[in-house]
Amino acid sequence: VLGCMAERLKEDMFQDGTADLVVGPDAYRDLPRLISVLSSPSTAPPSSDNGSSKVTMPTIPTERAVNVQLSLDETYASISPIRSNPQDVSAFVSIMRGCNNMCSYCVVPFTRGRERSRDMESVVEETRRLLEEEGIKEVILLGQNVNSYHDNSGVEKQRKQKNVDDDSYQTSNAGFSNMFRLRQGDGHRFADLLDAVSALDPELRVRFTSPHPKDYPPALLTLMAERPNICNHLHMPAQSGSTTVLERMRRGYSREAYLELIDDVRRLIPDVAISSDFISGFCGETEEEHLDTISLMEKVQFDQAFMFAYSMRGKTHAHRTMEDDVPADVKNRRLNEVINTFRREVQLRNKEVEVGRLRLVLVEGESKRSTPENKTFSGRTDQNKRVVFPAGSFATEEEVLKHLQSSGSGLDIDGQSLLAMKTKVELSRGDYALVQIEDARGHTLKGTALWRSSIVGFEQLKNICGGLNSSTVPSQTLSKQLIL
């Protein structure tokens, strides 16, 4: 057993023969030794033979091995992971480990340890290798608290007086606070890393997860708004819409501060999609506090959400100081209300925001329901929404842009002009397609591809047309004429 569960349960995993090898998340480098301990016969102590000579006798292999020691500096920066599916257009790159937030419900600080970040150069070089050698089109930067990334390697650590803040660190707004003061000091912040990674190639999409709402300073949001290949999707785990519950959770912000951040994000990045996490039935949650969460979801209209009933974890602050006093049936009822609210609001939002829009979709391959007779592709938008659309032959972006630039008529292009374009291409995995969204069903969008596109070309198209909304896209009938 490897990872967080091994770290949390430790030797308890050996009970009843559940496991014979238990390794925590910071001890993977020790795996070869631990496996050899298990597979190789051990040696019995020397015994006397007639009182004169000693004989070493082999015994059966060791029955169990364990290493659950947490580290203050292990980041696995020097290890290049092998991708389980090299055909994927996306790749994950871990940039930091651990968490300092100590939310009262969360066991991560006890299973992953304190925050420590890889040096920025190693992250950039790993991404460069994936881009140049494996041809990825999208990178997802990973961390338990990814946007609190802080690389202070190579920086001479200055002595700081106690309780003196460092202006180099900034929270999302004045309503957010930190429980720990370990984020101060010189070095590279997350915005610096995101800037460096996204600068590698303008056609490389960059995403990140999982962040904390407190670490979205204006510099980070401004960079995202200015850099087209940084995806317009932010995960902002609210956990609850009640300020009093957030206080018990030790989240470090109020409902009002969270909503202020949402307003800032949508002002700076108007086309952003926002996802969130919610916990129903946390310790002491009242019906009024639950309704605060429902009203927050209705107000924000999240594009995606991960919703759970509270389950207490050992070692946490809540386990030590609170009572898990919300009955299971109440938790489940509230969770169902949260889920139903999300489903209702996301359907309304997708109908309003997505249908009729042009979206740049990164083709991931054939959709699950694709057949030889009815071949369809599946991919994701900049906003991380799945889109399914029919396969076919399409015009190229180069010819379309040339026509639009010469005509000066925005997207007022007739079907005959598109059909007359000489170059037609088949889409394949890893291509970008310009797709007109025609329907929204739950979390999945459906549409029709217009032509093979690119991130740079899509930005040029926006400039030519002065923005892409439902009033500037071709008609449904025109879209269907483009499939040959």
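# Reading the terms in this structure

Tutor: In this predicted model, Gln-301 sits in the loop between helix H9 (287-300) and strand E16 (304-309).

Student: Why is Gln-301 called buried?

Tutor: A residue counts as buried when its relative accessible area is under 20%. The value for Gln-301 is 17%, so Gln-301 is classed as buried.

Student: What makes the backbone of Gln-301 worth a remark?

Tutor: Gln-301 has a positive phi of about 55° although it is not a glycine. Most residues other than glycine have a negative phi.

Student: Where is Met-102 placed, and what is its phi?

Tutor: Met-102 is in the loop between strand E8 (96-97) and helix H3 (108-112). Its phi is positive, about 55°, although Met-102 is not a glycine. Met-102 has a relative accessible area of 17%, which is under the 20% limit, and therefore counts as buried.

Student: What kind of peptide bond joins Thr-209 and Ser-210, and how do you know that?

Tutor: Omega is about 0° for this bond, and the bond between Thr-209 and Ser-210 is cis. Most peptide bonds are trans. Ser-210 belongs to the loop between strand E13 (205-209) and H6.

Student: What surrounds Met-96, leaving aside its neighbours within four places in sequence?

Tutor: Met-96 is in contact with several residues, among them Glu-115, Arg-116, Leu-142, Asn-145 and Tyr-149. Met-96 and Tyr-149 are 53 residues apart in sequence, and their C-alpha atoms are 6.5 Å apart in space.

Student: Why does Glu-126 count as buried?

Tutor: Glu-126 has 7% relative accessibility; the cut-off is under 20%, so Glu-126 counts as buried. This residue lies in helix H4. Not counting residues up to four places away in sequence, Glu-126 touches Pro-81, Phe-92, Val-93 and Arg-118. The C-alpha atoms of Glu-126 and Ile-79 are separated by 9.6 Å, while the two residues are 47 residues apart along the chain.

Student: Why are H4 and H5 called roughly parallel?

Tutor: The axes of helix H4 (residues 120-133) and H5 cross at roughly 30° and come within 10 Å. Angles under 35 degrees count as roughly parallel, and H4 and H5 are therefore roughly parallel to each other. Their crossing is right-handed.

Student: Which residues meet where H4 and H5 pack, and how are they classed?

Tutor: From H4 come Met-120, Val-123, Val-124 and Thr-127, which meet Asp-192, Leu-193, Ala-196 and Val-197 in H5. By class, the residues of this contact of H4 with H5 are six nonpolar, one polar and one charged.

Student: What makes H5 roughly parallel to H6?

Tutor: Helix H5 (residues 190-198) and helix H6 (residues 218-226) pack at an angle of about 15°, with axes 9 Å apart. That angle falls under 35 degrees, so H5 is roughly parallel to H6. H5 passes H6 in a left-handed crossing. The contact involves Phe-190, Ala-191, Leu-194 and Asp-195 of H5 together with Leu-220, Leu-223 and Met-224 of H6. In the contact of H5 with H6 there are six nonpolar residues, no polar residues and one charged residue.

Student: What does Leu-194 touch, not counting residues up to four places away in sequence?

Tutor: Leu-194 touches Leu-141, Val-206, Phe-208, Leu-220, Leu-223, Met-224 and Ile-230.

Student: How many residues does the largest nonpolar core have, and which have the most contacts inside it?

Tutor: The largest nonpolar core has 56 residues, and those with the most contacts inside it are Ile-95, Leu-141, Phe-190, Leu-193 and Leu-194. Helix H8 (residues 255-268) gives the most to this core, with six residues. A second, separate core of 16 residues includes Leu-360, Leu-450, Phe-458 and Cys-465. In soluble globular proteins, nonpolar side chains tend to be buried together.

Student: What can be said of the chain as a whole?

Tutor: The chain has 15 helices and 23 strands. Of its 484 residues, 50% are buried. Among the contacts with a separation of 6 or more, 73% are between residues 24 or more positions apart.

Note on methods
Residues numbered from 1 in each chain as written. Predicted model: local features only at pLDDT ≥ 70, side-chain atom pairs only at ≥ 80, totals over all residues. Heavy atoms only, no water. Axes fitted to C-alpha atoms, helices over the stretch in contact; angles between N-to-C directions. Helix = DSSP H or I, 4+ residues; strand = E, 2+ residues; numbered from the N terminus. Parallel < 35°, antiparallel > 145°, perpendicular 65-115°, else oblique. Left-handed = near helix turned anticlockwise from the far one by under 90°. Contact = heavy atoms within 4.5 Å. Nonpolar A, V, L, I, M, F, W, Y, C, P; charged D, E, K, R; others polar. Core = buried A, V, L, I, M, F, W, Y, C linked by side-chain atoms within 4.5 Å. Buried < 20%, exposed > 50% of the residue type's maximum accessible area, 1.4 Å probe, protein only.
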